[in-house]
Amino acid sequence: MTLDGPSDGEMALRRLRARLEMALIVTRMSQSQLAARVGLGRTTVSQAFSSNAPVPSARTLGVLARELHLEIRPLLDLRAAAVQAATLRPGRQRSDSGCGAPETGRPAAIGALSETNAPPSALLRCPRVADTSPVDAGLAVAEGDVPAYVMRDIDDVVRDRTREAGRSGGTLLIIGDSAAGKTRTLYEALRAELPDHRFVRPACPGDVPLLISEITASAKPCVLWLDELHRYLHDGRCLTAPGLAELRRTQAVVLATLEASAHEQWRGTEVVRQLRILVLDRRWSPAERRRAAEAQDPRVVRAAQVGPALGVAECLAATPWLWQELALADRAGGQPRGAALTRASIDFTRAGIDGPLPTSLLIDAHLPYLADSGGPVLRPEPVDDALAWAGKTRLGVSSLLLPAGEDAWEAHPQLVAAADEAGVPVHPFTWFQAVGAADDLDDMFKVALNASRHAPSIGVFLWRWLADAGIRRAANNLGVTLADLGRHQEAEHVYRTQADPGDAAVLLNLGNLLCRTGRHDEAEETYRKSGERGEAKAWNNLGLLFKDHGEFAYAEACLRSAALAGASDAEYNLGVLLGDLGRTEEAKAAYARAYDAGDSAGLTNWGMLLLEEGRWEEAEPLLLRAADAGDCDAMLSLANAAKGRGDLQQATDRYHRAIDAGDTRACFNLANLHRDNGRLDLAELFYRQAADAGITSALHNWALLLKKQKRLTEAESLFRRAAGHGHHTALLHLGDVLCQTGRPEEAAEQWKMAAEAGHTDAAIALATVLTDPADQPYLRKVLHRAADSGDSDAALLLSAMTFSEAGPRCDA
């Protein structure tokens with residue numbers, strides 16, 4: 001006899017969809033918004049989440065997993081279990097041929113026909129355009145998600161012509177240089193204008209004739225997508241002029257891309273002459289660059305900052321490939337000298353030397369890089385071959401080294417950004433080479449400043465070299481760098497002996513050093529001297545020094561002087577001081593002046609003062625401005641205030657905005673909100689995120705949640721983790737869990753630790769387990785401590801203990 005219930009496959013499918021649903025909730029997107037973002041149809045996305053729909057395809061799961069930040073392998077494992085169970089379900093047979101046969105060779109493109117005899121309905125396997133992504137159209141993405149799309153100046157024309165072709169059939173060919181953005185521009189037009197057409201992309205050129213016959217016989221509107229058109233023209237049997245003419249007669253749509261270099265070869269063919277052509281420039285116009293600079297994708301923003309000679313699409317496409325090629329070249333049998341020349345050029349730029357680098361300089365500078373890689377044992381190639389390799393174009397005009405005039409080079413700017421992002425340090429030797437290559441003192445200072453930020457020990461050496469040459473400004477910077485390294489005595493010696501003792505900036509830095517080392521009287525005198533010489537920041541710092549010592553009148557006077565002299569932080573610091581003194585109207589005025597001067601730091605405090613007065617309508621726009629300026633406290637305050645007003649939807653949205661900005665405290669607060677509203681699954685999710693971010697209270701609250709659900713083993717583990725981080729209340733609840741699971745002795749140990757930490761409830765709990773007379777003195781001690789702190793239950797227990805020990809009184 002078997003019990004009715006969900007099969008293994010059904011359970012796998014349920015778990016698969018539960019993971020998708022939970023991830024969708026976290027992103028705060030609707031299914032329609034998700035479909036729009038990933039380029040899938042709304043029906044496809046809806047079915048992926050629906051309990052009554054078929055198992056979603058592996059491709060659909062892959063696209064959704066990328067957008068929802070899920071690991072794809074567990075999803076595919078669940079899908080495989082669901083598919084297998086459905087295939088082997090009793091009463092059905094698994095086919096030994098057709099689509100049940102194992103696949104061999106490379107996977108077919110979307111819309112491709114199998115090599116077996118296909119039925120007339122084969123095009124039904126081709127997805128709607130709305131259910132595809134740019135990757136399906138041939139966009140190459142080396143790593144990460146597909147970059148955000150930026151409208152091109154030609155987009156309106158491309159979309160108009162695509163729409164016209166969709167109405168009555170037609171063709172469109174986009175021609176441009178490699179990595180100009182042809183595929184993405186044409187695909188985005190297709191998805192915007194013809195989302196319900198069938199998307200037919202051949203898996204190989206030989207499929208084209210059969211696909212054409214299928215399309216012409218189909219009642220469904222179709223798009224034949226021919227990315228890199230020259231692939232289908234080579235043998236004259238794939239895409240032919242008669243076949244293309246037949247497609248045009250049946251009102252099908254043909255969209256294609258072609259590199260400009262290939263167009264020169266194929267422009268005279270009958271096929272190309274039938275196509276309607278638009279040209280896309282590799283270079284981006286100023287308007288296009290402005291739109292790219294406003295994108296939400298940081299990769300696009302970085303690419304938009306590159307000079308006009310390189311296109312934004314080209315930079316996005318080239319960067320990962322160039323970086324990978326550089327990494328692979330630095331080996332035996334590769335191009336080790338070319339890689340060393342490229343790395344030297346990258347590091348010169350990062351050190352602060354802008355502009356072209358002479359070949360002779362690179363030849364000298366690359367030697368340490370080559371030596372670090374192995375030197376002669378790598379059998380490095382000759383210099384001319386190395387430069388030819390590094391300067392060879394890969395995509396568009398992009399190469400590892402870009403020619404920059406006669407016998408001069410510069411590193412590809414995206415390689416410089418990639419090195420910074422990867423955290424690769426500038427080679428120590430290059431800092432010294434860069435100072436020597438500087439054209440003037442300003443460039444030397446630029447290199448030394450960069451060294452101070454990224455390699456401070458080398459920065460000290462460079463500043464000392466300049467200071468020893470009699471450059472007093474360098475001596476001041478040497479003092480700052482030494483102080484930042486904690487070498488305070490050396491820094492003070494430099495300020496007093498090598499720097500200009502009458503310079504206001506030097507005196508300010510010396511004052512900061514004296515204050516940092518606890519010599520406040522000397523710091524006060526030094527700040528005064530600096531302020532009297534015109535350094536506004538000195539009055540600000542002196543005001544903060546007085547504030548720390550409780551001399552509020554002097555602090556206010558100094559901060560007002562600093563504000564009048566233009567110190568950037570003075571109005572904000574004045575607002576904090578006045579707020580602490582209870583002079584809220586004056587504090588708000590100071591924050592307002594700070595904001596008018598371009599300092600948004602006080603907006604949050606200003607808004608909080610208004611919130612405390614119940615003036616929500618005035619506080620909200622201030623806090624929103626502060627949040628838009630990147631202040632995490634502002635968005636968290638807005639969310640907390642919305643929760644306090646009972647507007648839970650707005651609170652949830654704003655907690656999510658704070659989380660998106662990196663504020664993990666919002667995870668904890670959002671978890672509490674979900675817990676209070678009965679959404680325990682979401683509460684657990686966000687407690688987990690907050691706990692992973694190091695918030696101990698999240699461990700405790702998460703454990704309480706599990707405890708209420710009788711998940712005691714999990715709760716015990718979390719309580720122990722919280723207690724290990726010093727959360728004393730967790731000890732109390734851990735004892736309770738231990739008691740519930742039949743371990744009263746262990747519970748007593750946890751409650752003792754909680755009681756010693758001052759937790760009065762633990763003293764009460766101990767009274768339930770310490771029943772041995774030998775334990776009574778200790779119990780009396782902790783109960784006395786609890787009673788003395790005001791716990792009436794502890795006092796009552798003490799009275800009961802005293803009465804019990806005295807025994808019943810007998811009347812005479």
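Is R379 buried or exposed? R379 counts as exposed, because its relative accessibility is 66%. Exposed means over 50% relative accessible area, buried under 20%, and partly exposed in between (1.4 Å probe, protein chains only).

1. Basis. This is a predicted model, where local features need pLDDT of at least 70, side-chain atom pairs count only at pLDDT 80 or more, and totals for chains, interfaces and linings use all residues. Residues are numbered from 1 along each chain as its sequence is written, and side-chain values use heavy atoms, without hydrogens or water.

2. Positive phi. Most residues other than glycine have a negative phi. R379 is not a glycine, yet its phi is positive, about 55°. The loop between α17 (367–373) and α18 (383–390) holds R379. E228 also has a positive phi, about 60°. E228 sits in the loop between β3 (222–226) and α9 (241–249). Helices (H or I, at least four residues) and strands (E, at least two) are DSSP runs, numbered from the N terminus. E228 is partly exposed, at 38% relative accessibility.

3. Cores. A nonpolar core joins buried Ala, Val, Leu, Ile, Met, Phe, Trp, Tyr and Cys residues through side-chain atoms within 4.5 Å. The largest has 152 residues; W431, L462, Y655, Y687 and L766 touch the most other members. Another core, of 27 residues, lies apart from it and includes C126 and L229.

4. Cysteines. A disulfide is a pair of cysteine sulfur atoms within 2.5 Å. The count is 0. The C126 sulfur is 6.9 Å from the closest cysteine sulfur, in C222, so it is too far for a bond. C126 is buried, at 1% relative accessibility.
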